[in-house]
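Me: I am new to this structure and would like a close look at a single part, the interface between the chains. Please take me through it in one connected answer.

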Amino acid sequence: MNGVRWIVPVSLIMLLIVGDVFFVVNETQQVVITQFGRPVRSPITTAGLYFKIPFIQKVNVFEKRVLKWDGNPTQIPTRDKKYIWVDTTARWKIGDPLLFLMRVGSIQTAHSRLDGIIDSVVRDHVANNLLVELVRSEGWEEAGKSLLESGEMTDYAVATKAGESDEPLKLEKGREKITREMIATASPLLKELGIELLDILVKRINYIDTVQQKVFDRMISERKRIAAQYRSEGEGEKAIILGQMEKELAKIRSEAFMTAQKIRGQADAEATRIYAEAYGKDPDFFDFLRSLEVYKNFSNPQGSVVFSTKIEALKYLKGAKKAGE
Amino acid sequence: MVWEPRRPSKPGVPPEFEELFQRLRNLFGYRRSPIWVGIIVFAVIIVALNSYYIVNPQETAVVLRFGKFIRTADPGLHFKIPFGIEQVQKVVTGRVLQREYGYRTVEAGVRSRFTEKGYEEEARMLSGDLNVVDVQWTVQYKIADPVKYLFRVRDVEGTLDDISESVMRRMVGNRYADEVLTIGRAGIAENARKEIQAIMDHYETGIHIVSVKLQNVNPPEPVRAAFNEVNEARQEKERMINEAQKLYNENIPKARGEARQIITEAEGYATERVNRARGEADRFSEIFTAYQKAPDITRKRMYLESFEHLMNSAKSVFILDETQKNILPFLDLSRGTFIETPSKEPTEQHKTTAKP
């Protein structure tokens, strides 16, 4: 029964050895095997079950996935002396786990290295470029055109005049190019650390608070100017319409007057012609007849009539003899 | 043997099973140790419990064997090799998930409540003309490829946030503030969706961007009043134009009508004038024709008739000697007095006509 006593410790030791022989590499991991600190074999990057020499060989596990680096927002002056907050982010992965193991060791350390390198690269590039270059990107030239073509922005002309008086119209680099340059500068430095830099993104660019207030003030004044323009346009349009109205009124009225006068005049002329034609047959008789009309038209039951003794009627009253004399 | 007496009552049991029963009986019955039975039952239960997994309708399961991806499993009941040899990770693939930027939903519901406080920095961005715009947007996405989602990028959501913010800022930075605030919304959202998708694909995040939607796009708070003023001014302009149009519409048709009236009146006058003239002329002609037949007598008759009419239509008739002028002041002229003082010409004319 001696053997039975050993069964438990021996099996325990066996378990320990077996447990240290197998190791699992996950899909998200890559592994470097070191033997007494010295790397052996090439790094394992495919997931699965692997073997190693127990106790002697050590498994160093590293992340295989793409990792994210988030920079602290920093205040940087641009080339045109505009103070801005820049918040950058980057994506990286452990490109060479062996090198990474030697130079960096852990992801935490890697982040501090990335801080050092990327921060300074970003700082350099921001300081070397105009703010507009950092804000705008490829296709900027189209922006104004598309706005104009839409036809809805009537105040666009004003806005561009105000916004671009001191800004270059043409884009030299733009955000993409600048970030590509950043990557190009930082990549070789990080490659030395076994880190593969995939991108650097400028996440946020904003004015610092004091500048922002000034920008707001400018925006307000710009808006006020546009508002004033609208109002005055309104007044102008109104004046145009009212002027047009007055003009048309004058035209309509004067034309009506003219036509009316012409019609009346023609009628008067016609009447005159008719009268003349008729009365011209015997002007004397007309004279006589017209005078009688005056008598006939007199109608005033309260009135008095005063005659001179010389009027013709009296001749008849006095007698025919006188007339016959 | 507990079950031995029952044997005859189970005639349908196949011989193979009987053999198995016998073996089991031998195995356990031989030692008669309940501990072993307990251990084996327990082990069986453990194995059983570790051998299946349930995938819910909205999930997809990713199965790893020794850390290596083997297969995915759709919703339902599935089996796996227990004891950590096969591991299952479940990913919510069926749901449309959402990330919010520049604001957060505090309480979703029929009328959701949102908060913007504390997220101003996220919303605030520079436009291409160096104005400041506050943009709030949402990104809706689905996990299209659970394998990539799990194994290619660590912290996919965090990466999506970074990419989304960066892309949106690039979009806004490449446009005029006016465009962003007004007509650019749809274009920005669609372009942002495409670009975010492209970058997410490039990093093999396994995410499908369903939509990018702009929510509130506003000028920053301190500037908002001034922006509203522009809108008001725009309205005011419209109002002024409308007012002027109203005046125009009020006056012009009226004036046209009045003009027509003046002309029609003139036409009326003309017709009347000419007709009267014709009438009078005709009348004159008629009288004249008759008169010509017996001029003297007609003349006298007409004169006397008129005179008679005059006499009848006045209250009193005075006949004055021309030499006596003093009487005039006694006449009450206010009653309408007709003074006939034949002037030289007509009298002479009368004389000439009266005298044949």
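Reply: In this predicted model, contact between the two chains involves 121 residues of chain A and 115 residues of chain B. The size of an interface is often given as the accessible area lost when the parts come together. For chain A and chain B that buried area is about 11600 Å², and 63% of it lies on carbon and sulfur atoms. Three residues of chain A, namely Arg223(A), Tyr295(A) and Val306(A), supply 7% of the area that chain A buries against chain B, more than any other three residues.

One part of the contact is made by a pair of helices. Two packed helices are described by the angle between their axes and the distance between the axes. Sorted by class, the residues in the contact of H8(A) with H8(B) are 43 nonpolar, 25 charged and six polar.

Charged side chains also pair up across the interface. Over all chains, the whole structure has 45 salt bridges, and 17 salt bridges are found across the interface of chain A and chain B. One salt bridge joins Asp178(B) to Arg223(A), with the closest N and O atoms 2.8 Å apart. This pair crosses between chains: Asp178(B) sits in helix H6 of chain B, residues 177–181, while Arg223(A) belongs to helix H8 of chain A. Arg223(A) is also one of the three residues named above for their share of the area that chain A buries against chain B. Another salt bridge is formed by the side chains of Lys237(B) and Glu233(A), at 2.7 Å from N to O.

For context, chain B also has a sheet. Strands of a sheet pair through backbone hydrogen bonds, either parallel or antiparallel. In chain B, three strands form an open sheet in the order S3-S2-S5, and the pairing is antiparallel. Strand S3 (68–73) and strand S5 (86–92) of chain B are the edge strands, each pairing on one side only. From one strand to the next, the twist averages 25 degrees. Strand S2 of chain B, residues 59–65, pairs with S5(B) over seven bridges in the antiparallel sense. Val62(B) has Gln89(B) as its bridge partner in S5(B).

Definitions and conventions
Residues are numbered from 1 along each chain as its sequence is written. Chains are lettered from A and ligands numbered from 1 in the order in which they are written. This is a predicted model: local features need pLDDT of at least 70, side-chain atom pairs count only at pLDDT 80 or more; totals for chains, interfaces and linings use all residues. Side-chain values use heavy atoms; hydrogens and water are left out. Ala, Val, Leu, Ile, Met, Phe, Trp, Tyr, Cys and Pro count as nonpolar, Asp, Glu, Lys and Arg as charged, and the others, Gly among them, as polar. Two strands pair if DSSP finds at least two bridges between them. Helices (H or I, at least four residues) and strands (E, at least two) are DSSP runs, numbered from the N terminus. Axes are lines fitted to C-alpha atoms, for helices over the stretch in contact, and angles run from 0 to 180 degrees between N-to-C directions. Contact means heavy atoms within 4.5 Å. Buried area is the accessible area (1.4 Å probe) that two parts lose on being put together, summed over both. A salt bridge is a side-chain nitrogen of Lys or Arg within 4 Å of a carboxyl oxygen of Asp or Glu.
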